[in-house]
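Here are my notes on this one, point by point. Keep the viewer open while you read.

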Amino acid sequence: MGALAHLLDFAGWDRARVESLLETARMMEEVLERPMKKVPALKGFTVATVFFEPSTRTKISFELAARRMSADVVGFSGAGSSLAKGESFKDTLLTLQAMALDAYVIRAPVAGMAHQAARWLKGAVVNAGDGRRAHPTQALLDAYTLLEELESLEGKKIAIVGDVAHSRVARSNAELLPLLGAEVWAAGPVGLLPERLPGARLTTDLDEALSGADAVMVLRLQRERMDEGALPSLREYVAEYQVTRQRLDRAKPGAPLLHPGPMNRDVELEGALADGPRSRVERQVRAGEAVRMAVLYHLLVGRAA
Amino acid sequence: MRFKAKVLEPAEIERALRRMAHEIIEKNKGAGDLALVGIHTRGIPLAERLAALIERFEGVRPPVGVLDITLYRDDLSEIGVQPKVRETRIPWDVTGRPVVLVDDVLFTGRTARAALDALVDLGRPKRVYLAVLVDRGHRELPIRADFVGKNLPTSKSEVVKVKLRETDGEEGVELWER
Amino acid sequence: MKLLIKNARLVDGSGELGNADVLVEDGRIASLAGGDAERVLDAGGRWLAPALTDPHVHLRTPGQETKEDLATGLAAAARGGYGTVVAMPNTQPVVQEPEQVRALLDEARSIPGARLMVAAALTENQEGKKLTPAALLARAGAALLTDDGRTNEDAGVLARGLVYAAAAGLAVAVHAEDAGLRGGGVMNDGPLAAELGLAGNPPEAEAARIARDLEVLRYAARKAAALGHAPRLYVQHVSTARGAALVAAARAEGLPVVGEVTPHHLTLTEEAWRGFDARFKVAPPLRTAGDVEALIGALERGELSAIGTDHAPHTAAEKERDLENAPFGIPALELAFPLLYTELVERRGLPLPLLIERMTTGPRTALGLAPARLAEGAPADLMLFDPAEKRTVDPERFVSKARYSPWTGRELVGWPRLTLVAGREAWRDAGLA
């Protein structure tokens with residue numbers, strides 16, 4: 001298992017690499033439990049967050065992860081509209097590179113932008129979300145959270161529910177969880193399911209997907225989908241696909257409920273469930289920090305001078 | 001690498017640890033608030049053994065924590081390998097306690113320095129001691145051990161191998177030549 | 001001045017014609033049996049073919065000369081073995097006035113390189129609503145009418161356009177894609193687009209529009225026949241099996257339609273998108289391996305009878321943008337022939353005369369020009385190429401301003417070494433003795 005140069009998605013990953021990273025994340029979580037949540041491991045390294053799409057939670061999570069490892073952090077925010085005007089994505093990156101940064105955490109509105117960045121930059125690139133395609137650190141923190149609950153994902157059924165077609169969270173989880181032996185199902189209305197989702201079974205039958213599930217992951221429904229005509233009406237979505245207590249009873253008793261956030265209470269998820277005992281959303285956030293610390297460690301340490 | 005000599009037999013290791021336990025008790029004027037922290041990897045079984053010995057002599061067993069210094073190493077930006085981060089578990093409060101850091105070999109002093117940094121990040125110990133089974137010289141930092149099992153002058157080309165039954169299935173301290 | 005090309009292996013669309021010494025005089029082939037000449041060139045056994053004709057190039061002039069201009073475009077064409085190219089009118093401003101056509105043809109006269117022919121817009125500003133003056137444009141020298149760059153959404157306008165163009169003696173070329181089905185698709189719609197999370201442009205968008213345009217042609221032909229005119233439809237860059245099948249069926253019925261296919265659709269598939277590289281972004285998009293096979297078959301059978309590069313240069317920086325914002329288009333003038341020679345003739349055993357035919361007479365017939373034949377009296381538009389020498393595609397050495405290529409690093413054979421247009425050297429490879 002060679003050193004990790006970038007984290008763009010899970011192409012070429014095997015179970016051993018996933019487990020190694022999650023193991024490091026466990027060690028990082030211990031750091032987060034200390035009164036002083038800081039270790040000097042990445043002292044002298046600089047991490048840049050380069051976000052061409054708005055984000056509060058993910059950006060802060062990465063910033064914290066870097067700072068907890070004593071790395072310096074610089075931030076660049078660009079609007080997606082500047083890309084349309086032709087202000088060069090590449091130029092922005094090369095300007096940052098001229099400042100000799102070590103890692104770039106990139107979030108961008110179009111698939112493939114993290115790969116393009118990795119072609120041009122000398123540092124490590126972390127994909128914090130490229131369009132609808134991938135969001136690997138989210139999948140890692142989801143896996144971490146699930147393993148805390150279920151101890152092993154071997155043979156476990158994980159149901160992902162919602163706007164799967166537009167979800168990089170769904171795509172990355174469908175790519176990652178089977179590496180740990182999980183059986184992934186993805187359910188949603190016909191207009192919100194992709195033609196193919198490697199790693200997952202697609203179905204419009206929500207009950208079938210939830211039946212016997214060991215864990216349920218609910219995706220955010222964006223209002224834009226109605227505007228685009230991908231979904232006839234919100235009312236219909238809620239009636240047919242909202243995850244309610246009753247629907248959740250089809251899953252295994254105590255099955256944890258995950259959501260990448262931010263949640264639309266009473267849209268994709270019944271409000272009471274969002275804050276209920278099954279919800280692991282807070283654990284996900286904490287896991288996110290530990291996982292991102294581990295990712296930065298794996299990318300920056302041992303990259304050889 | 002070729003084997004040069006066995007410098008400590010199992011019985012000698014045992015005797016050295018007993019003496020060190022007595023020295024620790026003496027220095028600390030009893031078992032008191034004492035706590036031991038074993039540095040990964042072989043510092044941990046050594047710390048456990050010292051804790052058991054102190055219990056035998058004083059009737060009180062000091063708590064033992066484990067410390068991984070990977071995230072505190074001073075060479076992380078230079079090395080070409082990715083050291084595995086191992087567990088740090090110190091489930092008691094470091095603040096206000098006398099703490100004995102325990103390791104198998106003291107060499108350049110860099111591991112001890114990293115352990116010291118890690119420890120003070122976890123709290124404010126009253127005092128920190130360093131106990132090592134073997135001090136082989138060649139310090140690169142102003143670090144000294146308070147309790148030493150054996151002083152072993154070595155040359156830089158030699159390698160000191162500590163084997164403990166808990167980690168290696170056998171006991172002994174050996175000297176090898178690169 | 002007379003030029004003798006001796007020791008050449010002749011080939012044109014009709015077949016391999018054997019070895020010959022070709023005498024060129026006053027812009028024509030004077031003899032295939034040698035003769036005295038002031039200049040002598042030893043072809044060294046290399047192939048001599050008619051110079052190629054590209055019915056579909058974007059030279060970005062006027063208005064976008066950062067991407068390409070007439071000098072670089074025509075020089076690039078000659079380097080690729082092309083003697084004639086037809087420039088598309090989706091420029092800034094759109095070429096739609098007779099004066100513009102004349103100005104371009106004038107400017108090109110003094111430029112060394114391939115011969116320029118100019119396509120003019122079918123409708124004003126290519127908006128698909130009001131027809132341009134076909135007869136005046138034809139008289140000014142326009143070779144073709146097209147709204148290429150955009151799609152003709154209004155079938156009624158297209159029908160009238162076909163009839164008026166027919167009366168002016170011109171064919172109409174269409175970029176056949178249904179705008180609604182195409183949506184904002186950047187790559188072929190299908191499981192791969194779903195996997196990559198990118199908007200897809202479905203093959204049905206092309207099939208639906210080709211089917212419609214064929215009915216429009218049928219209608220126009222009926223209307224115009226009564227008046228003694230025959231409209232001609234030129235379907236550009238057919239990229240799907242279904243599209244090729246529709247064109248084949250229409251031709252079998254006798255409808256006056258010509259189908260074009262591009263070098264990229266004959267050699268690349270959507271799998272290239274896994275590299276997230278906008279150099280592969282083109283409309284219509286790269287399709288599946290099944291489509292490529294169908295297109296090659298249609299090319300062989302002559303159902304698709306013309307190869308056009310749709311040479312679409314952009315700046316390298318533009319093609320490094322993200323996959324949604326990068327412009328569509330693949331430039332290929334300088335390597336289309338070696339690419340197709342290597343992939344189709346060498347690798348698949350397609351007969352060389354067939355490839356030559358599709359790149360010479362096929363497009364020429366569609367434009368209403370005489371077939372390209374190596375015979376006494378024929379124009380000396382000639383291309384000499386080397387079947388054996390391997391060269392790597394290196395965009396740094398391109399003459400075109402588009403210094404990037406989807407085929408960078410590929411080793412190809414069949415590189416043109418000399419191109420003559422009306423008997424004068426449009427391009428000669430430095431290494432040629």
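1. Start with chain A: α6(A) passes α7(A) in a right-handed crossing, right-handed being the label when the near helix is turned clockwise from the far one by less than a right angle, and left-handed when anticlockwise. The helices in question are α6 (residues 136-150) and α7 (residues 168-176), packed at an angle of about 60 degrees with axes 8 Å apart. Helices here are DSSP runs (H or I, at least four residues), strands are E runs of at least two, and both are numbered from the N terminus. Axes are lines fitted to C-alpha atoms, for helices over the stretch in contact, with angles from 0 to 180 degrees between N-to-C directions. α6(A) and α7(A) are therefore oblique to each other; the scheme calls angles under 35 degrees roughly parallel, over 145 roughly antiparallel, 65 to 115 roughly perpendicular and the rest oblique.

2. Ground rules: this is a predicted model, where local features need pLDDT of at least 70 and side-chain atom pairs count only at pLDDT 80 or more, while totals for chains, interfaces and linings use all residues. Residues are numbered from 1 along each chain as its sequence is written, chains are lettered from A and ligands numbered from 1 in the order written, and side-chain values use heavy atoms, leaving out hydrogens and water.

3. Who touches whom in that pair? On the α6(A) side are Pro136(A), Gln138(A), Ala139(A), Leu140(A), Asp142(A) and Ala143(A), and they meet Val169(A), Ser172(A), Asn173(A) and Leu176(A) of α7(A); contact means heavy atoms within 4.5 Å. By class that is 6 nonpolar, 3 polar and 1 charged residues (Ala, Val, Leu, Ile, Met, Phe, Trp, Tyr, Cys and Pro count as nonpolar, Asp, Glu, Lys and Arg as charged, the others, Gly among them, as polar).

4. Now compare chain C. The axes of α7 (residues 203-225) and α8 (residues 241-252) of chain C come within 8 Å and cross at roughly 15 degrees, which makes α7(C) roughly parallel to α8(C). This crossing is right-handed. The α7(C) residues involved include Ile210(C) and Leu214(C), with Leu246(C) and Val247(C) among those from α8(C). The class tally is 7 nonpolar, 1 polar and 2 charged.

5. On to the interfaces. Of the 2 pairs of chains in contact, A and C share the most contacts, with 19 residues from chain A and 20 from chain C. About 1,700 Å² is buried between them, 50% of it from carbon and sulfur atoms; buried area is the accessible area (1.4 Å probe) that two parts lose on being put together, summed over both. Val110(A), Glu195(A) and Arg196(A) supply 29% of what chain A buries there.

6. Chains A and C have 2 salt bridges between them, counted when a side-chain nitrogen of Lys or Arg is within 4 Å of a carboxyl oxygen of Asp or Glu. Lys90(A) and Glu320(C) form a salt bridge at 2.7 Å, N to O.

7. Between B and A, the salt bridge count is 0. There, 18 residues of chain B contact 22 of chain A, burying about 1,600 Å², with 61% from carbon and sulfur. Chains B and C do not touch; their nearest C-alpha atoms are 29 Å apart.

8. Backbone checks, please. Most residues other than glycine have a negative phi, and most peptide bonds are trans. The Gly261(A) to Pro262(A) bond is cis, omega near -10 degrees, and Thr61(C) to Pro62(C) is cis at about 0 degrees. Ala100(A) has a positive phi of about 55 degrees, in the loop between α4 (89-97) and β3 (103-108) of chain A.
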